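Let's take a quick tour of a protein model.

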Amino acid sequence: MHARGADGTDWAEIAPALATGAAGPRRVYAPDLRGHGRSDWPGGYAYETLRDDVHTFLGALGIERADVVGHSLGGAVAYLLAQRGPGLVRRLVLEDVPAPFPLDPPRPPAERPGGDLPYDWAMILATDEQRNAPNPEWWDHMGRITSPTLLIGGGPSSLIPQEQIAALAELLPDARHITVDAGHLVHEARPAEFLAAVEDFLSPADRTPS
């Protein structure tokens with residue numbers, strides 16, 4: 001699942017490699033979250049609503065268990081999905097995803113850029129509000145995540161405080177934490193290293209038997 005402001009095409013280089021690489025063969029889906037790309041822009045951009053959309057998407061496809069990879073906002077949606085249905089997420093990959101701590105100081109109101117946007121501006125405002133003051137349950141329920149989890153931090157050049165990723169790794173029951181010094185867009189800036197880490201984590205020999 002992609003970051004805020006992106007869409008499923010953000011994984012165009014990564015998805016084929018995951019489908020056919022060492023962790024494959026596997027079917028890979030890269031949906032547009034609501035308010036992004038070709039998905040509907042209906043309003044109602046609570047993180048929990050985004051989570052429920054993905055849960056419904058998997059149900060419509062008849063997928064009972066999946067490995068889930070999420071970047072930034074998509075990673076937050078992914079960990080909420082893993083909290084809600086531990087049996088649904090077999091393995092979880094979180095790429096440069098911060099812990100849900102309130103921002104201090106808060107993020108100031110964003111100004112809309114001019115022209116057409118590939119996302120709903122209302123989504124930006126709604127997710128900013130939640131990023132400033134996350135639901136405390138998101139942090140309190142991290143212990144519900146039973147899936148083995150790989151956390152990939154982008155290092156000191158990332159806009160995400162890396163100590164938050166470390167804190168998240170310490171709280172999750174079964175977590176590995178690595179750093180790829182690539183900034184926030186790890187899979188875009190260092191795709192080979194990103195893929196090597198993810199494929200190793202998802203490799204058949206290393207999977208928890210289902």
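Predicted model: local features only at pLDDT ≥ 70, side-chain atom pairs only at ≥ 80, totals over all residues.

A pocket here is an open set of grid points where a 1.4 Å probe fits, with protein on both sides within 12 Å along at least five of seven lines.

- Sorted by class, the lining of the second largest pocket comes to 15 nonpolar, five polar and three charged residues.

**The largest pocket**
- How much space lies in the largest pocket? About 580 Å³.
- Its lining is made of 25 residues, with Arg-27, Val-28, Tyr-29, Ala-66 and Asp-67 lying nearest the centre.
- Helix H1 (14-20), H2 and strand E1 (66-71) are the elements that give two or more residues to this lining.
- E1 provides the largest share of the lining, with four residues.
- The lining of the largest pocket has 19 nonpolar and six charged residues, but no polar ones.

**Two helices that cross**
- Two packed helices are described by the angle between their axes and the distance between the axes.
- For helix H2 (residues 47-60) and helix H3 (residues 73-84), the axes come within 9 Å and cross at roughly 70 degrees.
- Angles of 65 to 115 degrees count as roughly perpendicular, so H2 is roughly perpendicular to H3.
- The crossing of H2 past H3 is right-handed.
- On the H2 side, the contact is made by Tyr-47, Glu-48, Leu-50, Arg-51, Asp-52, Val-54, His-55 and Leu-58.
- On the H3 side, the contact residues are Leu-73, Ala-76, Val-77, Leu-80, Leu-81 and Arg-84.
- Split by class, the residues of this H2 and H3 contact are nine nonpolar, one polar and four charged.

- Most residues other than glycine have a negative phi, and most peptide bonds are trans.
- Ser-72 has a positive phi, near 55 degrees, and is not a glycine.
- Is the peptide bond from Asp-104 to Pro-105 cis or trans? That bond is cis, with omega near 5 degrees.
- Pro-105 lies in the loop between strand E2 (89-95) and H4.

Methods
Residues numbered from 1 in each chain as written. Heavy atoms only, no water. Axes fitted to C-alpha atoms, helices over the stretch in contact; angles between N-to-C directions. Parallel < 35°, antiparallel > 145°, perpendicular 65-115°, else oblique. Left-handed = near helix turned anticlockwise from the far one by under 90°. Contact = heavy atoms within 4.5 Å. Nonpolar A, V, L, I, M, F, W, Y, C, P; charged D, E, K, R; others polar. 1 Å grid on protein atoms, 1.4 Å probe; cavity = no way out; pocket = protein on both sides within 12 Å on 5 of 7 lines; lining within 4 Å. Points joined across faces, edges and corners; volume = space filled by probe spheres on them.
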